[in-house]
Amino acid sequence: MNVTPAVDRLQPSLPDRAKKSLYSENLQRTVTLTILRPRDRSPRSELSVLILFDGQDFPAVRIPEALGDFSLRYPSVPLMIVGIHADKDRIFEYGTASQPDYAYRGNKAANTTHFVIDELIPYLKERYPVSYDRERWSIGGFSLGGLMALDLAWHHAEVFSKVGVFSGSFWWRQRALDDNYDESDRIMHRIIRSTTGSPVLKFWFQTGTRDEEDDRDNDGIIDSIDDTLDLIAELERKGYAWGKEIVYEEVLNGEHNPHTWAEIFPVFLHWSQHR
């Protein structure tokens with residue numbers, strides 16, 4: 001006789017949800033935050049923190065439901081998820097802090113980095129019972145937000161121990177395709193390759209086999225998968241090990257949209273809190 005574990009018969013309660021506004025001197029705008037915390041937690045428990053870009057998409061990616069289920073299954077792992085809402089300048093605020101792309105997109109990514117490090121994190125530490133242990137701080141994002149998360153974590157491993165990237169925009173390049181483009185023009189790959197040393201980080205990457213249709217080198221593999229695997233290869237050359245510091249999830253028929261990310265997000269959530 002098969003007996004379903006009791007936890008599987010329970011309906012996860014949605015986490016406490018708060019929408020906050022934080023004015024950023026760095027971004028020169030008021031940033032909306034969605035802050036999710038488990039309902040059933042000890043008042044003395046320190047919270048682990050996961051910061052995600054594109055907090056406006058939390059409902060579509062089913063982040064509250066994922067946290068509710070996670071908190072039900074792992075009540076001893078109290079986790080707070082903080083979503084940073086993008087606005088009309090998203091294409092300029094997300095990217096690589098040291099360099100915009102060839103079309104000058106991402107020219108405010110450095111401002112976003114300063115917002116997270118100098119404004120958001122002090123705000124969270126002042127108002128919430130969060131852990132001060134970097135092992136309990138993670139960051140992640142979707143598409144261009146994933147690129148932003150990786151760049152930020154790469155340069156601030158003193159703050160974050162793990163980073164998750166869903167369908168990352170690793171095509172981000174300093175030269176247009178019709179302007180003598182070469183694969184060495186991909187900016188994040190070059191940043192990793194040229195960095196002295198290896199930040200103490202763990203990485204989780206996801207792509208879908210239907211993330212896009214473009215295949216600029218005509219090798220039969222879509223660019224999003226090629227770009228991600230090439231970036232992982234750069235990390236391996238820095239000494240990170242596949243299956244140890246690096247996890248890669250390729251979703252069959254997965255697309256570049258919240259539906260696919262919602263399906264795989266619980267896998268990332270478990271990894272981020274149990275690795």
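This is a predicted model: local features need pLDDT of at least 70, side-chain atom pairs count only at pLDDT 80 or more; totals for chains, interfaces and linings use all residues.
Q: Is strand S5 mostly covered or mostly open?
A: Mostly covered. S5 spans residues 137-142, and six of its six residues are buried.

Q: Which residues point which way from S5?
A: Trp137, Ile139 and Gly141 point one way. Ser138, Gly140 and Phe142 point the other way. Both sets are buried.

Q: What does S3 do with S5, parallel or antiparallel?
A: Parallel. Strand S3, residues 48-53, pairs with S5 over four bridges.

Q: Which residue in S5 is the bridge partner of Leu52?
A: Gly140.

Q: And how many bridges between S5 and S6?
A: Five, again in the parallel sense. S6 covers residues 162-166.

Q: What stands opposite Phe142 there?
A: Phe166 in S6.

Q: Switching to the cores. How many residues are in the largest nonpolar one?
A: The largest nonpolar core has 56 residues. Those with the most contacts inside it are Ile51, Val116, Leu120, Leu124, Phe160, Phe203 and Phe205.

Q: Take Val116. Which residues is it in contact with, leaving aside neighbours within four places in sequence?
A: Ile51, Phe53, Ile84, Ile121, Leu152 and Phe160.

Q: What about a second core, which residues does it include?
A: The second core is separate and has 23 residues. Among them are Leu36, Leu50, Leu79 and Trp204.

Terms used: Residues are numbered from 1 along each chain as its sequence is written. Side-chain values use heavy atoms; hydrogens and water are left out. Buried means under 20% relative accessible area, exposed over 50%, partly exposed in between (1.4 Å probe, protein chains only). Helices (H or I, at least four residues) and strands (E, at least two) are DSSP runs, numbered from the N terminus. Two strands pair if DSSP finds at least two bridges between them. A nonpolar core is a set of buried Ala, Val, Leu, Ile, Met, Phe, Trp, Tyr and Cys residues joined through side-chain atoms within 4.5 Å. Contact means heavy atoms within 4.5 Å.
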